[in-house]
Amino acid sequence: MRKCFCGQWRSFVVHGERHCGAMSCEITVVDDLRTDPPTRKCSTSSTNSSSSAGSVATSDGEVDAAAVAIPSSAVVMYVTDDAVAAVGVVGCRGDRTIATVANVDAPSSDIHTDRDECSSDDSCNGPDSPTGLKRVGSVYDFGLDGADSPTPCANHPFAGGPDADLTKVARKQLRMIREVDVAVCHLNHTNTIISKILSSKYLRRWENHQIRLQDDCITSNTPNGFLSKTIGYEAIKDLYPVKRWDSNFKYCLRVVVTNGSYLLQTTNQYLRDQILYSILWKKNVQETQTLLKSQSDPDDMLKELQNIVDFAKNIPLVDDEIFHMPTFIASTLMTRDQEKYCKQSWEKALIGTLRPLIEDCPPSAEMCSFLSHHCKDQSSLPIIKDSLVYTITRILKHNFDFARTLTARTLVQDYIKALYIQDQSGESIRYFLSRVHSASAVCPHNRVLPNMVSTCITAIYSASEELPANCSEAEFDCYYTNHLRCYIVVLQNISEYSDWLYGLAQLLRPLPFPALLLIRSIFMEDISSVILKIGLHEDCEIHKQVLAVRETKDGWFDLCSPIEAVFCGSSIVWTQLLKTLMDCERCKKKKLLKNLKAKHLGTCVSEALKNNRIVMDVLCLMLEWMVVEDLHQRNQIVDTLKSTEFGKNVYDEFMSRQNQLLELQRKGGPQNLSLPARGTDLDLNSMFDCGPFGNLESVDLAFTNVTDTCAKTLIKLPSLKVLNLWGTQFGDSGLLIISDHLTNLQVLNLCETKVTDRGIVSLISLINLKKLNLNSTKATVRSVDVLKKKLPGLHEVDVRYSFAW
């Protein structure tokens with residue numbers, strides 16, 4: 001068969017049976033939807049067995065295939081001037097047969113499919129599902145290339161798969177439409193001659209409307225004309241795009257209702273697909289909600305929820321509603337009849353059903369409460385551990401204010417506690433944090449750390465409030481192990497990540513724990529591992545966080561003092577922290593020594609008597625830098641140092657240095673000193689060893705190779721008034737040292753050095769400073785303003801070619 005009887009390209013549905021190699025068939029013309037399909041009889045013979053399956057040779061051309069549903073005894077056949085294309089039965093689902101329809105381009109451009117032309121005939125409303133979609137139950141299946149889709153036989157000429165254009169539409173991501181401008185045309189499904197004439201494409205009338213997709217219907221912002229009444233989703237019988245029915249209107253969508261159909265014309269294919277899938281989503285959500293209201297069997301409800309979840313996973317729409325709506329429906333079910341639906345087996349099945357969605361979206365408040373309940377249930381721990389890891393991770397990554405989402409914070413707290421109950425060794429928590437941190441060296445989500453720490457601290461405060469006022473040590477230890485230790489384990493694991501350590505140190509610096517815990521040895525022993533990670537770090541910005549925020553407050557260094565009752569005389573932690581602080585070249589040691597003298601002088605004397613060598617060096621430095629001015633306290637330190645052999649040696653070395661300094665000052669010497677070009681720190685140190693420089697007031701080190709190390713030599717010159725460091729490698733660490741000791745300095749030249757605001761601000765202790773050169777440095781307006789405010793005697797500051805210029 002090459003042509004139709006009228007000589008035009010047409011679509012036929014062939015019904016028939018094979019008898020001994022010949023086929024008697026009935027041809028039904030279905031391309032003209034405006035008229036009742038005429039029926040004609042014909043007969044044809046089959047050339048081979050594959051013909052019975054619909055395998056027909058065709059001419060070369062572009063293949064357009066779409067999956068449609070047809071009766072099991074029917075074959076869809078397209079007839080053109082050059083080729084005949086047909087497909088047979090390739091698979092069945094229920095009482096319907098799934099076939100692949102192949103369309104071959106005809107020589108002319110006027111090509112249509114059974115959906116390409118809209119009509120007013122209510123007897124032919126188009127196929128049962130949108131193009132490229134398969135209806136399963138009450139929802140559509142978007143898996144065009146899914147495993148359950150039948151595959152054409154290998155020798156079929158159109159076995160290339162589904163329509164390529166439709167596949168692209170189903171896979172691309174579309175934004176949900178809620179309000180859009182379209183052209184609307186309404187067609188009446190009547191069989192009168194007048195209505196058929198008025199519904200022809202030459203007499204159709206179009207109206208411009210701005211439609212809105214509500215939760216239950218489609219409305220227009222200008223309710224008149226065709227859209228004077230709303231279109232309820234329950235009235236929509238079918239919905240599909242019309243590929244091409246008129247050269248002037250390419251992107252058209254047909255909405256079939258009970259008494260007719262609406263044509264929605266858009267400006268492009270993307271917008272048409274947005275409207276199509278948005279209406280499909282709204283329609284199926286309403287159908288699901290209606291079914292669940294009438295259902296009473298929990299198992300049937302789970303099936304409906306499973307359908308809407310599968311629909312949400314596969315629909316090519318990108319919108320928060322896609323993920324929130326199924327969880328909202330589930331939350332509504334749980335609050336409707338808790339005694340009936342909130343059973344353990346049903347709740348577990350519900351978690352499994354919603355798992356694909358709660359992994360990719362923040363859960364609602366009701367869902368958080370529901371999941372928190374299961375975190376507390378011991379029997380649900382294996383399910384909760386694996387099902388909620390993505391949900392908890394998402395909450396930690398994207399939450400900005402837990403005060404507005406208290407249920408989400410409670411869910412995180414209960415999940416952490418559930419992990420610890422299941423595995424008290426902490427491996428489950430360690431693995432969870434590794435998932436949250438990601439495999440990279442630096443966590444890419446900056447909200448994870450503050451959210452995690454604030455969650456743990458809040459949980460500790462809440463649990464501490466439930467403690468009895470006068471509980472015994474044994475009762476406290478038991479309660480702490482069962483309810484509080486899990487959150488300390490989280491902090492311990494966080495301290496293992498180097499990129500999180502600085503942020504953790506800042507968050508813990510103000511001692512954000514209840515005072516009841518800070519005096520308990522079991523808590524301090526657990527938290528001490530975190531404090532050691534912070535206090536022993538080589539970075540000054542990290543280990544100085546163990547000091548108090550203000551001098552009037554206590555810090556972790558003060559709480560770890562061996563005279564405190566919580567450590568029972570153990571000085572290991574406190575001594576290690578002290579050693580790190582004293583060895584740091586960037587820390588202001590003189591300020592630290594003053595703090596030790598004010599708060600921990602008795603502790604230092606007590607530890608020195610126990611032959612603590614680190615503390616002995618600190619006491620000797622207090623004497624050398626004149627931190628302790630009270631004569632009685634100085635004598636107490638001297639007697640303490642002389643009481644042990646090592647302390648006596650330290651004191652003798654100190655007295656030797658003091659005698660050398662006194663000898664230099666007695667002998668006098670030059671007042672000005674200039675180091676030759678390319679001189680180094682070693683050259684400067686050797687020069688001071690060659691002769692007396694007790695009267696030295698000016699040192700010129702310009703354009704030499706000295707570094708911050710030379711500051712240790714310069715502080716031996718208390719009478720120094722002028723210091724020139726132009727063009728040297730001097731930096732912030734050196735400024736911190738000289739600002740503590742050279743209090744008589746009046747002129748300081750730092751031009752073209754590496755100093756920054758951190759070191760410049762420390763110069764506020766040089767109360768006699770009058771001139772300062774910061775030319776070509778990284779000084780900013782902030783640091784210069786601080787100096788001018790704190791040093792009223794500073795009359796001249798050169799900030800040319802700096803950030804403060």
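**Figure 1. Helix α25 in the predicted model.** Helix α25 covers residues 613–624, and its 12 residues should span 16 Å at 1.5 Å a residue, which agrees with the 17 Å between its end C-alpha atoms. The expected span is 1.5 Å times one less than the number of residues in the helix. Helices (H or I, at least four residues) and strands (E, at least two) are DSSP runs, numbered from the N terminus. This is a predicted model, in which local features need pLDDT of at least 70 and side-chain atom pairs count only at pLDDT 80 or more, while totals for chains, interfaces and linings use all residues. Residues are numbered from 1 along each chain as its sequence is written, and side-chain values use heavy atoms, with hydrogens and water left out.

Figure 2. At the N-terminal end, Asn612 caps α25, with a side-chain oxygen 3.3 Å from the backbone nitrogen of Ile614. Buried residues of the helix (under 20% relative accessible area, 1.4 Å probe, protein chains only) include Val615, Met616, Val618 and Leu619. Just after the helix, Met626 has a positive phi of about 55 degrees.

**Figure 3. The open seven-stranded sheet.** Its strands follow the order β15-β14-β13-β12-β18-β17-β16, with antiparallel pairing; two strands pair if DSSP finds at least two bridges between them. At the edges stand β15 (231–232) and β16 (238–242), each with a single partner strand, so one side of each has no neighbour in the sheet. Helix α4 (residues 269–294) packs on the sheet and touches β12, β13, β14, β16, β17 and β18, where contact means heavy atoms within 4.5 Å. The direction of α4 makes about 170 degrees with that of β16; axes are lines fitted to C-alpha atoms, for helices over the stretch in contact, and angles run from 0 to 180 degrees between N-to-C directions.

**Figure 4. The pairing of β17 and β18.** Strand β17 (residues 252–257) pairs with strand β18 (residues 260–265) in the antiparallel sense over six bridges. Val256 stands opposite Ser261 in β18.

**Figure 5. Leu682 in helix α28.** Leu682 belongs to α28, which comprises residues 681–690. With a relative accessible area of 60%, Leu682 is exposed, the cut-off being over 50%. Leu682 and Thr709 are 27 residues apart in sequence, and their C-alpha atoms are 9.2 Å apart in space.

**Figure 6. Confidence along the protein.** The average pLDDT, the predictor's confidence in each residue from 0 to 100, is 75. Mean confidence is lowest in strand β8 (residues 96–104), at 33, and highest in helix α16 (residues 485–494), at 96. Over residues 1–171, pLDDT stays under 50. Where pLDDT is low, the predicted coordinates should not be read in detail.

Terms used
A polar contact is a pair of N or O atoms within 3.5 Å; within protein, one must be able to donate a hydrogen and the other to accept it, and residues adjacent in sequence count only if both atoms are side-chain atoms.
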